[in-house]
Amino acid sequence: MNGQERQRHTSGASVRSYATASEEAEHYTGLNRLFHSDALQAILRHIDDGTLSEFFNDWKWIFSFSRKYKWIIVFYTLVGIFGSTLSLGSAWLSRTLINIVVGQQRDRLWLLLGAMLGMTAFSLLLSSLNSRIFTRISIYVNNDIQAEIFDRIIDARWEELSRYPSGDLLNRFNGDVGTIASNAINWIPNLIINIYTFVVTFVVLFRLDSVMAWIAILSAPFLLVMSRWIMRRMKEYRKRILELNSGMMSFEVETFFNFDMIKSFGVFGTYSKKLRSWQQRYKDYSLDYNRFEIRSRILLTLVSTAVSMAAFGYCLYRLWNGQILYGDMIFFLQQRGSLSGRFNSLIGTIPGMLNSAVSAHRIRELVDLPREEHDAEVFEKMSGIADNGLTVKLDHVRFAYSEEKEIYQDLNLSVGPGEIVAVLSPSGGGKTTFMRLILGMLRPQAGSVTLTGSDGQPVPVNADLRRFFAYVPQGNTILSGTIADNMRNVREDITDEEIVSALRTACAWDFVSALPEGIYTALGERARGISEGQAQRLAIARALLRDAPILLLDEATSALDTETEEAVLRNIIRFHPNKAIIISTHRPGALKLCQRIYRIQDGGIEESAPSEADALIPCSDDSAAEASLQTRALEQEAYLRKQSAQAVPAPQELPAPENENGWWTL
């Protein structure tokens, strides 16, 4: 399910009513039959289906971030009103000055010229001040929203959050937040400033010449009717660009994250075609939008030109008859443009308001995700006895991702201090799900996952108690930065000596000490600069520095050779005898170090003895593996000997590819 489909499913009628209004508003009702406005239709639909409160709740949520800056916003509004007044006053002085110059009246010339220059400079100062205030508040609001969203995402339940693609999350986190931040502080102020300027300008023109004033707003009715088409297309383009950004960002994140896989399979041509497909869609969208802009610009220009010519002709007629002066004509033509501009700004507030509501609803979906369970009081209590070790227990756990996908039916397991156990299952059998249940990232439909200390009181696992676990998941989890930075990600107060000690336990100090700057050697993204096995040993050392009573290793030694894997596990057992350790591995040597082995299969779990390790993993005995390798080597040698007797064509004799663009195809 993509981001748009999920949004419709999770948001219900409220999102359908204005997030997809451009698709649904084919029939207009009530007063909207006259204007044919999708924006107005969206609001009317809110009233009809009773979800208007959702729309207001979105804006109420937006304003909750700007409430702390309300006095600055009031000041911003007053400065804007004062600036508009000065601008109008400067234009009036310019009119008077032109009339004086044309009439060759020099007695007040220098006074008016000085006043006009002063008002212009002061207006410029106020405009700069307003810009500075707007920028500062926008940054503050943007940071406030991003910080809250980030905290909510981090604290959301893993199962619900995993339904959102990473590209969609990034698009909401950046694009939608930016839209909200700008409108949260300037929508109402700009609305007030535009209304004030529009009314004052119209009154001044009306007092000067009522016919002039009505001519100045002749374009308003046409623009109002035309807004139906413009706003509908604006919403369509807005929705399409959100979908494009989410999809393209997801593609980019997945591509760069799996860069090694793409290069190793030699399928970069496939991804290059995918990128060009995204670019083609973006090009089509951009050209379509450009055509829309051209048509809109031509239509608006024709209307504006017709109104301007009518106004210009009327002014020439009044000037020819001596009813107005030349300065009056210039003032009228200037303010006619200003009046139309303010009217356009007022019309533009409606789609801006709806776009912000759409973005707010997308963000609120993340904010309203179920949060993880916390219990700080229980954590404090358990902290006092955690040094003596903790026991993790799964009691009759049943878990399913959905009704069609049940993973566990009856899972029972208990691991206490000083114990090391292994968990086995076939690929896709639920080992990682098992780890997430223990960590409390997933909640079982039945049964319980608890921690028990020396007091004997079992406590359900929650997000706070997760600090008693040290988890090393599958894959490369080393971040960019120095080795020491990676180690201190789990504990900021650890010393260099503690880092070195953990590296020794994880059999990592031998290669770290040989690096140019030791633990302060910088690593690239995903541990670029060291091998996969070295990265795994660093991850294990980082987990040991957490000094948690329970250690979880989920295929954390898969990239290590057998000898190193056993050495790492023996070191952990030796130097951390009080830890409860759960590992997931498929090597008999490591399994023989465990006290118990649990096999997950058919939704349940079976216990086996370490002595059965060889039988649990067929053909995994070292001697058998060696014999198998020798057999394969002999077969390969015979095959190569046979092939060497055949003629091999020279490179220039090889057939050319069927498609000149397909040279990269495997």
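Buried means under 20% relative accessible area, exposed over 50%, and partly exposed in between (1.4 Å probe, protein chains only). By that cut-off, Ile499, Val500, Ala502, Leu503 and Thr505 of helix α19 (residues 496-505) are buried. This is a predicted model: local features need pLDDT of at least 70, side-chain atom pairs count only at pLDDT 80 or more, and totals for chains, interfaces and linings use all residues. Residues are numbered from 1 along each chain as its sequence is written, and side-chain values use heavy atoms, with hydrogens and water left out.

**Overall**
- The protein has 25 helices and 12 strands. Helices (H or I, at least four residues) and strands (E, at least two) are DSSP runs, numbered from the N terminus.
- Of its 666 residues, 46% count as buried.
- Accessible areas come from the Shrake-Rupley method with a 1.4 Å probe; for residues, only the protein chains shown count as cover.
- Among contacts with a separation of 6 or more, 76% join residues 24 or more positions apart. Contact means heavy atoms within 4.5 Å.

**Nonpolar cores**
- A nonpolar core is a set of buried Ala, Val, Leu, Ile, Met, Phe, Trp, Tyr and Cys residues joined through side-chain atoms within 4.5 Å.
- The largest has 45 residues, and Met487, Leu503 and Leu538 have the most contacts inside it.
- Helix α21 (residues 532-545) gives the most to this core, with eight residues.
- Leu538 touches Met487 and Leu503, and its other partners include Ile478, Phe511 and Ile530, not counting residues up to four places away in sequence.
- A second, separate core of 37 residues includes Val392, Tyr408, Leu413 and Val459.

**Around helix α19**
- Cover for the buried residues of α19 includes α18 (483-488), α20 (509-512), α21 and α22 (562-575).
- Just after α19, Cys507 takes a positive phi of about 60°.

**Surface patch**
- Trp71, Val74 and Leu78 form a nonpolar surface patch with about 360 Å² of accessible area together.
- Patch residues have over 30% relative accessible area and no salt bridge; nonpolar side chains (Val, Leu, Ile, Met, Phe, Trp, Tyr) are joined within 5 Å, like charges within 9 Å. A salt bridge is a side-chain nitrogen of Lys or Arg within 4 Å of a carboxyl oxygen of Asp or Glu.
- Leu78 lies in helix α7 (residues 70-102). Leu78 is exposed because its relative accessible area is 52%.

**A buried aspartate**
- Asp328 is in helix α15 (residues 326-367). Its relative accessibility is 7%, so Asp328 counts as buried.
- Beyond neighbours within four places in sequence, Asp328 contacts Arg95 and Asn99.
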